[in-house]
Amino acid sequence: MTSGEHDLMTQLLPAMQNMQNALNAVSLGGKIKVSSVHSMAVLKSSEPPSSGSFDPSDEMKGILGFNNATGSPFAINPYPYFAYRSDPRPETLAFCLFQPNAGRLDTKTQIKYTNMFDAQVDAVRSALNSFGYKNVEIVVAETGWPYKGDSNEVGPSIENAKAYNGNLIAHLRSLVGTPLMPGISVDTYLFALYDEDLKPGPTSERAFGLFKSDLSMNYDVGLSKSSQTPAAPKMPAAPSPNATVVPSPNATVTPSPKPDKANWCIPKSGVSDAQLQANLDYACGQGIDCRPIQPGGACFEPNTLAAHAAYAMNVYYQNSNRSPTNCDFSQSATFSSNNPSYNGCVYPSGKS
């Protein structure tokens with residue numbers, strides 16, 4: 001679709017239809033979905049996310065119509081790495097790695113985005129919605145970060161690759177979703193399991209793998225059977241644009257004062273949206289029950305980042321033996337003796 005070769009572009013939809021017809025012929029049409037993977041370049045506009053739109057070609061309209069008619073997903077390859085490579089500022093790196101940052105405001109929707117992945121996926125959501133395909137699901141067919149590159153390449157490093165993939169996994173596990181798709185964890189495939197050691201181009205093109213081609217591990221993001229704990233950081237480091245993530249969830253932190261009569265763990269006032277998002281992602285990614293803050297849950301309203309983070313942080317603290325170190329969250333949390341429960345939303349407490 002971005003090759004510029006019209007003959008190729010016009011053959012894509014017929015090829016998808018042929019595959020669908022073959023599946024239908026053996027009664028597999030409803031079990032196996034047919035789609036095609038696209039790069040972010042198929043978007044005519046993607047920034048801010050609310051402006052997301054496709055080039056209104058007949059070919060793209062046909063493919064989207066096929067996705068809609070067959071219930072197949074629209075598959076996209078968002079790569080925050082390439083966004084950083086084209087804008088190599090420290091604040092862009094933090095935004096791409098899910099680390100604390102000032103965020104980026106979509107002035108049309110007044111939504112402040114705290115990471116590039118959500119912004120890119122929501123740009124695709126906006127583009128699909130603008131074509132009238134609000135029910136077409138999005139699947140992230142590829143995303144990743146190289147762990148090494150040539151001397152003239154900005155961004156590739158083990159620290160950055162581990163931060164991106166580890167924080168992405170925590171974000172997806174939290175089931176927080178994106179601002180335009182709250183409570184939904186988009187099916188996401190990491191690129192890649194193995195290095196493509198014979199791939200041409202710069203060194204980074206051969207260095208996206210979690211494993212080398214000899215099966216040895218490049219770095220651990222907590223997905224292997226041998227991993228005892230998730231490799232996603234306990235929390236992103238203090239709000240420095242170049243901060244590296246702490247890879248161990250058992251990292252030493254400076255505890256908040258030990259609670260005496262305080263029963264609940266809540267965010268401190270003035271905590272940035274990026275830190276609240278990181279707290280929310282981490283807490284929900286540790287296996288606590290975050291269903292109450294998902295759409296339809298007792299604590300979903302008010303649908304604000306601060307309210308959802310407060311609930312998740314408190315549940316994590318209460319479920320972690322109420323240890324003061326588990327109400328730290330990079331020194332962004334504090335204890336309260338005032339019950340934050342409201343209406344039907346109950347904040348659990350370890351004391352009666």
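Predicted model: local features only at pLDDT ≥ 70, side-chain atom pairs only at ≥ 80, totals over all residues.
Residues are numbered from 1 along each chain as its sequence is written, and side-chain values use heavy atoms, with hydrogens and water left out.

**Stop 1: two helices**

Select residues 158–173, helix H6, and then residues 273–285, helix H7. Helices (H or I, at least four residues) and strands (E, at least two) are DSSP runs, numbered from the N terminus. Two packed helices are described by the angle between their axes and the distance between the axes. Here the angle is about 70 degrees, and the axes of H6 and H7 are 7 Å apart. Axes are lines fitted to C-alpha atoms, for helices over the stretch in contact, and angles run from 0 to 180 degrees between N-to-C directions. H6 and H7 are therefore roughly perpendicular to each other. (Under 35 degrees counts as roughly parallel, over 145 as roughly antiparallel, 65 to 115 as roughly perpendicular and the rest as oblique.)

Now for the opening question.

**Stop 2: salt bridges**

How many salt bridges does a search of the whole structure find? The search finds 5. A salt bridge is a side-chain nitrogen of Lys or Arg within 4 Å of a carboxyl oxygen of Asp or Glu.

Select Lys199. Glu205 forms a salt bridge with Lys199, with the closest N and O atoms 2.9 Å apart. Salt bridges that share partners also join Asp87, Arg89 and Glu91 into one network. Go there next. Between Arg89 and Glu91, the closest N and O atoms are 3.3 Å apart. Arg89 is partly exposed, at 38% relative accessible area. Glu91 is partly exposed too, at 38%. (Buried means under 20% relative accessible area, exposed over 50%, partly exposed in between, with a 1.4 Å probe and protein chains only.)

Return to Lys199. Its side chain also meets that of Glu196 in a salt bridge, 3.4 Å from N to O. Glu196 is partly exposed at 36%, and Lys199 is partly exposed at 28%.

**Stop 3: a nonpolar patch**

Select Leu193, Tyr194 and Leu215. They make a nonpolar surface patch of about 310 Å². Patches are made of residues with over 30% relative accessible area and no salt bridge: like charges are joined within 9 Å, nonpolar side chains (Val, Leu, Ile, Met, Phe, Trp, Tyr) within 5 Å. Accessible areas come from the Shrake-Rupley method with a 1.4 Å probe; for residues, only the protein chains shown count as cover.

Is Leu215 buried or exposed? Leu215 is exposed, at 59%. Find Leu215 in the loop between strand E10 (188–190) and strand E11 (264–267).

**Stop 4: the backbone**

Most residues other than glycine have a negative phi, and most peptide bonds are trans. Look for the exceptions listed here.

- Phe191 to Ala192: the peptide bond is cis, with omega near 10 degrees. Ala192 sits in the loop between E10 and E11.
- Glu47 and Pro48: a cis peptide bond joins them, and omega is about 0 degrees. Pro48 is in the loop between strand E2 (43–45) and strand E3 (53–54).
- Gln110: phi is positive, near 65 degrees. Gln110 is exposed, at 54%.
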